[in-house]
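Hi,

Here is the structure I promised to pass on. Have a look first, and then read on for what turned up in it.

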Amino acid sequence: MGVKSKAAAAILILLLFLGSLWLQGGLDYHWDSCVKGYNQLNKLHQLSNSSVGDGAESQLELCPGQTFQVSLLLSHLLDAPTHNSDVLLQPYLSSWDELVNFMDSLGPMVGLISKEIESKTSIIRQLALTADGNPEAEVGPDLHSINSVNSQGGGTKNKASVHTSAYHSVRSMILVELNQGLVSFHHQTDSGCRTLLRLHRALLWLKLFLEKLAETPVEGRLRSPSDLCREAYKSTLAQHHTWYVRKAAELAFIALPERGFFFRLVCMQNQEEMSKVLHRVSRAIGEVYDRTQKALEEHGMLDLP
């Protein structure tokens, strides 16, 4: 094996390692442990799938032959907000499933990042399963009025049951974990709230990236997805990462496909068509993000370690 081949293999191994620890609290936690060890030895849902924004927009259909489906992503995002400024966790996590498919489709380097995100969604799902078997980890309408709807609306989607699972929504999860002392403001835990915060930060990165992909040409030319993704990252997730994580991320973004690939990924023919779809998705993400941001902020959870 030549020198160049060995260097390429070394970079790949490094990216595999760093990618597995992508989110804050993953990679940064392990890196800080290494540094400390070294120092010791020698740190509302009024959006609609058929009408959003200016005028009516056609309903998106499934894109044949693809794992990622932008129509499913939009559907899950629109299902997540409730009438009372809450976010349902099931469609929220389903949205992340589709965003993971999106990232996986961008190539192995970005796919490494998605594996770390999958581990975060798995944590919340496992906590929900555990809570379902624990009567004390349930929240009823008297503790938090989750998804109660006006009976005159005739809807059943947001109807509250006698007891609602602790992990039914963002706000129910926050209340129950606080009541049970599962959230620490001083050290790292595997609480659902801390895990949600890491997903929340990554969601802002993807929202901004999709918004940038939807932008119209500047001086007659469209910027490369690689540059747009790097720019979105620098203004969001990079603020929570160490220098080493940031450099690993930028290496991964270099390998992003060209713009034509994204046309095919959302089953659109050109930039104009893709922009309409991505604007709808980014608006839906924004609604979910803003509600989650407010819930976390109200409980002082935007900087959980």
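Let's start with a cysteine: is Cys229 buried or exposed? Cys229 is buried, with a relative accessible area of 2% (buried means under 20% relative accessible area, exposed over 50% and partly exposed in between, using a 1.4 Å probe and protein chains only). Cys193 is buried too, at 0% relative accessibility.

Before going further, a word on the basis: this is a predicted model, where local features need pLDDT of at least 70 and side-chain atom pairs count only at pLDDT 80 or more, while totals for chains, interfaces and linings use all residues. Residues are numbered from 1 along each chain as its sequence is written, and side-chain values use heavy atoms, with hydrogens and water left out.

**The disulfide**

Searching the whole structure gives one disulfide (a pair of cysteine sulfur atoms within 2.5 Å). The partners are Cys63 and Cys267, with their sulfur atoms 1.4 Å apart. This pair links distant parts of the chain, 204 residues apart: Cys63 sits in the loop between α2 (27-41) and α3 (70-79), and Cys267 in the loop between α10 (259-265) and α11 (271-298). (Helices here are DSSP runs of H or I, at least four residues, numbered from the N terminus.) The torsion about the S-S bond is about 65 degrees, so the disulfide is right-handed. Cys63 is buried at 7% relative accessible area, whereas Cys267 is partly exposed at 34%.

**The salt bridges**

Side chains of opposite charge can pair when their charged atoms come close. The count here is 10 salt bridges (a side-chain nitrogen of Lys or Arg within 4 Å of a carboxyl oxygen of Asp or Glu).

One of them pairs Asp97 with Arg125, the closest N and O atoms being 2.7 Å apart. Asp97 belongs to helix α4 (residues 89-104) and Arg125 to helix α5 (residues 108-132), so this pair ties together parts that are 28 residues apart in sequence. Asp97 is partly exposed at 31%, and Arg125 is partly exposed at 31%.

Glu118 and Lys115 also form a salt bridge, at 3.7 Å between the closest N and O atoms. These two are three residues apart in helix α5, separated by about one helical turn.

Then there is Arg230 with Asp227, at 2.9 Å between the closest N and O atoms. Both lie in helix α8 (residues 225-234), three residues apart. Arg230 is buried at 18%, but Asp227 is partly exposed at 38%. Elsewhere, salt bridges that share partners join Lys212, Glu215, Arg223 and Glu231 into one network.

Cheers
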